[in-house]
Amino acid sequence: PPGMKKMLMTSTAWIDIASEKAFVRGAFTGIIASIIFSFVVLMIVTRNFITSFSSIFCVTAIILSIITFMFWNGQQFGSDESIAVVMLIGFAVDYVLHLGTDYMHSLIPTRFEKMRQSYREMGLSITSGCITTFLCGAVLFFGNLLFF
């Protein structure tokens, strides 16, 4: 009505800021927790510190390289990226863990032959998992994601 004062309109963008910070903080907490948990599981399964440490080092290098490429690409680390990075840890651990456990359970005495056996036995499974993950991601690449 003409006699009413003009109402002030406010935005709800401040809600997104708090949840965005919580997602980013949660992502880094999830990264650290999952790497520690993976190291403990590897120690239980392989009973070898060197194999467990080198596997976790590989997983950490994978995650850091992905975050670095995201930064170089100019992507902001928001809620979508924080969820994706925590999911990527599962993929990285899965692939590295299979090779590490197969290597440790091999009865062959030399390291070179143990690694060859690990690649022979687990290589096809890991490659197939990688291909299916890539193909699923390729299909989703063309969609628009409206999250939260």
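**Exercise 1. Describe the contacts and the overall build of this predicted model.**

Step 1. Take contacts between residues at least 6 apart in sequence: 60% of them join residues at least 24 apart.

Step 2. List the secondary structure. The protein has four helices and zero strands, and from the N terminus the order reads α-α-α-α.

Step 3. Turn to burial and surface. Of the 148 residues, 26% are buried, where buried means under 20% relative accessible area. The exposed surface comes to about 11200 Å², with 73% supplied by carbon and sulfur atoms.

**Exercise 2. Characterise the largest pocket and find which helix gives the most to its lining.**

Step 1. Start with the volume, which is about 1100 Å³ for the largest pocket.

Step 2. Identify the lining. It consists of 25 residues, and those nearest the pocket centre are Ala84, Met87, Leu88, Gly137 and Leu140.

Step 3. Assign the lining to elements. At least two residues come from each of α2 (49-72), α3 (79-104) and α4 (111-140). The most come from α3, with nine residues.

Step 4. Sort the lining of the largest pocket by type: 18 nonpolar, five polar and two charged residues.

Methods
Residues are numbered from 1 along each chain as its sequence is written. This is a predicted model: local features need pLDDT of at least 70, side-chain atom pairs count only at pLDDT 80 or more; totals for chains, interfaces and linings use all residues. Side-chain values use heavy atoms; hydrogens and water are left out. On a 1 Å grid over the protein atoms alone, a cavity is a set of points where a 1.4 Å probe fits but cannot get out, and a pocket is an open set with protein on both sides within 12 Å along at least five of seven lines; lining residues have an atom within 4 Å of a point. Grid points are joined across faces, edges and corners, and a volume is the space filled by probe spheres set on the points. Ala, Val, Leu, Ile, Met, Phe, Trp, Tyr, Cys and Pro count as nonpolar, Asp, Glu, Lys and Arg as charged, and the others, Gly among them, as polar. Buried means under 20% relative accessible area, exposed over 50%, partly exposed in between (1.4 Å probe, protein chains only). Contact means heavy atoms within 4.5 Å. Accessible areas come from the Shrake-Rupley method with a 1.4 Å probe; for residues, only the protein chains shown count as cover.
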